[in-house]
Amino acid sequence: MKYEDRIVTAFTGCSVLWAVLGMLAGVYVAAELVWPTIDFGLPGLSFGRLRTLHTTLVLFGFGVSGLIATAFYSVQRTSHVRLFAPGLAWFVFYAWQLTIVLGGVSVMAGWNAGKEYAELEWPFDLAIAVAWVSFGVVFFGTIARRRMEAIYISNWFYGALIIVVAMLHIVNSLAVPATIGKSYSLFAGSQDAIVQWWYGHNAVGFLLTGGFLGMLYYFLPKQAEQPIWSYRLSIVAFWAFVYTYIWAGPHHLHYHSIPEWVQSLGMVMSLILLAPSWATMVNGIMTVSAAAKKLRSDPALKFIVLSLAFYGLATFEGPMLAIKSVNVFSHFTEWTIGHVHSGALGWNALITFGTFYFLVPRLAGTQLYSARMANIHFWLALAGVLLYVLAMWGAGVSQGVLWLSLDELGEVRFSFNDVMAAMKPYYLLRFIGGLLFLAGAVLMAFNLMRTFAGRRTVEIAPPAVPAARGLK
Amino acid sequence: MPVKFSIFSLATVLFRPKAVFDALAVNEPSAAKVFFGFALWIGVLPPLFAYIGTMNFGWRLGVEPVFLPQHMVLAISAAYFAALLLGFLSSAVIARWMAITYDASQSLGRCFALMAIVGAPLAVGSVIHLYPHAFINVLVLVPTLIWSMYLLYRGLPVVLQTGPNRGMLMASALIAYLLVAAVSLLGVTVALWGSGLGPLIGY
């Protein structure tokens, strides 16, 4: 019985495709902020719809497809068994990709549930729930049939991703359908806001952080050919992370009409969160520090090293922005957008790129088509993300101080329009940063396609080890 | 050639960094000399430029300039200087702490010298603070920052006597710290504005 790797290839291919299309949509909306008329008066190209398309494609197309690919790849190898219910796994693949395609079209057509990062309307919410639970059945079914006693740490993170995202998605999407393309949330007013950000921030927590930590914990030791620096620390950090993250959502609602104590609780839990986040960063950096020799020959490792630096930045900046006296300046400004992208581009995208540069040659049974191209991609990505983040820091801090500035009479000093117009040069810089990042992703797509075109796939069987004690 | 690490060698540090790296690889400088002879002086430049620029032109954030009273600008410049010194000292100490992991030289003098070289282009680039237009400052300081990072990656393996691969890893780990230090500076700044040290704001 061989490992089921064709499904991994399929998810990886789609993830790369969605990365390019999703980032293209992002660059286009960035350009719209500089040249507002390039929507040509078409509703489908308007900022509101394209921005939703961008987040949907990069989060659920690129991010989740990459997570499912790597979860399916690693769970088989850490359990020493073939994937449970491969037929169901293929159902997950088709259901997920179809949801992204049709969901993307629906967003451009103007369907929108009005919840950030959960904009898809109720028919898609149902499809996502079914596909996601099926993903869980395949994953946990494989774990249940494992032939080694310990459940490796990456599987704990992937497992938490599956369970918590199912819970968040189902609760936050509860709604009363009115027509096929319109529904009304079951929650109202402040409750709706609290549920939305309980969902929103834990999607960041368990998907963009937890899920990708699963990826890190499997692929980093593999690439570095080193065991995790401290396995014990990874377990402690896991439980601290799971316990703490779930409370942090209300920091998105500072100074809003929710109870003061809920805001303060969200802030305190966000600050505590720094400890498990950095424990993981230290664990990663120390693991890779023992693998210096490989750095020259392996472009993939560079991406992972850099992704850890941005992970450190994003997980420090997040708690800092959650402090109310900082948040009063940063809320609603471009600083928040910069923060999200230092995490999404610097951490999520870079670690996924690094993982794909490792994974695709193995799936194809051949060498990477061009290590030089991967190196160029590395510098394009670094320059892109730095330009993006620095532009948004400049824009955000300027916006914060301008919005709050008073004149001698105690009136607001600058009009919203004036402040908006002052942001234009930063938006141009951000557009250039995004374009560089997109160019890198296109280069990667080409490199991986050429790698796969020269494939000499060898199917691999799980090692013939006796089942561990207590396991069938 | 032994390096005379003083403010008078600023031009050598800026234009012939490789020669300085090579010299540092064989000669261990004293931390006190690097700090009092060089770092302290280049550290004065950004707050000084910022003070002169703000008093003359006000903060230009894309709309009409925001002028601040002199005592406020003085206090902000002093806080800026303190933050830069703290940033410099903590980066050098952290580099020394990381050196254990990356099998690099744990000489405090070398770590001080490395951080001073990395900071030098930024300190000189801060001449743009003389005209405190936020976007123009971003535009000038971004390439300067890239040059500084290049110096860090290039100089670290030589000055701290570790291999190029370990040097690359250690430089990346240091970048993580420097990014965090940069964003902390932003956070502390806006928190200080909120507590009254800064422009007239209300919330």
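Reader: What radius of gyration does chain A have?
Author: With 472 residues, a compact globule would come out near 23 Å (the radius is taken over C-alpha atoms, and the globule rule is 2.2 Å times the number of residues to the power 0.38). Chain A agrees with that, at 22 Å.

Reader: What pLDDT do local features need here?
Author: Some bookkeeping: residues are numbered from 1 along each chain as its sequence is written, while chains are lettered from A and ligands numbered from 1 in the order in which they are written. This is a predicted model, so to speak with its own ground rules: totals for chains, interfaces and linings use all residues, side-chain atom pairs count only at pLDDT 80 or more, and local features need pLDDT of at least 70.

Reader: How much of chain A is buried?
Author: Along the principal axes, the C-alpha atoms of chain A fill a box of roughly 80 × 50 × 45 Å. A residue is buried if 20 or more other C-beta atoms, placed from the backbone, lie within 10 Å of its own. For the 472 residues of chain A, the buried share is 55%.

Reader: How many helices and strands does chain A have?
Author: Helices (H or I, at least four residues) and strands (E, at least two) are DSSP runs, numbered from the N terminus. For chain A the tally is 15 helices and 2 strands.

Reader: How do helix 1 and helix 3 of chain A lie relative to each other?
Author: The axes of helix 1 (residues 6–34) and helix 3 (residues 86–108) of chain A come within 10 Å and cross at roughly 10° (axes are lines fitted to C-alpha atoms over the stretch in contact, with angles from 0 to 180 degrees between N-to-C directions). Angles under 35 degrees count as roughly parallel, over 145 as roughly antiparallel, 65 to 115 as roughly perpendicular and the rest as oblique. That makes the two helices of chain A roughly parallel.

Reader: How many nonpolar residues are in that contact of helix 1 with helix 3 of chain A?
Author: Helix 1 of chain A brings residues including Phe11(A) and Trp18(A), and helix 3 of chain A brings residues including Trp90(A) and Phe93(A) (in contact means C-beta atoms within 7 Å). Ala, Val, Leu, Ile, Met, Phe, Trp, Tyr, Cys and Pro count as nonpolar, Asp, Glu, Lys and Arg as charged, and the others, Gly among them, as polar. With 1 polar and no charged residues, the nonpolar count is 10.

Reader: What is the radius of gyration of chain B?
Author: Chain B has 7 helices and 0 strands. The globule rule gives 17 Å for its 203 residues, and chain B is close to that, so it is as compact as a globular protein of that length, at 18 Å.

Reader: How does helix 4 of chain B sit against helix 5 of chain B?
Author: Helix 4 (residues 70–99) and helix 5 (residues 108–125) of chain B pack with their axes 9 Å apart, at an angle of about 130°. That makes helix 4 of chain B, relative to helix 5 of chain B, oblique.

Reader: Which helix of chain A gives the most residues to the side that touches chain B?
Author: Chain A puts 41 residues into the contact and chain B puts in 33. The elements giving two or more on the chain A side include helix 9 (274–289), helix 10 (299–322) and helix 15 (424–453) of chain A. The top contributor, with 11 residues, is helix 13 of chain A.

Key:
Two residues are in contact if their C-beta atoms, placed from the backbone, lie within 7 Å. A residue is buried if 20 or more other C-beta atoms lie within 10 Å of its own, exposed if 12 or fewer, and partly exposed in between; C-beta atoms are placed from the backbone.
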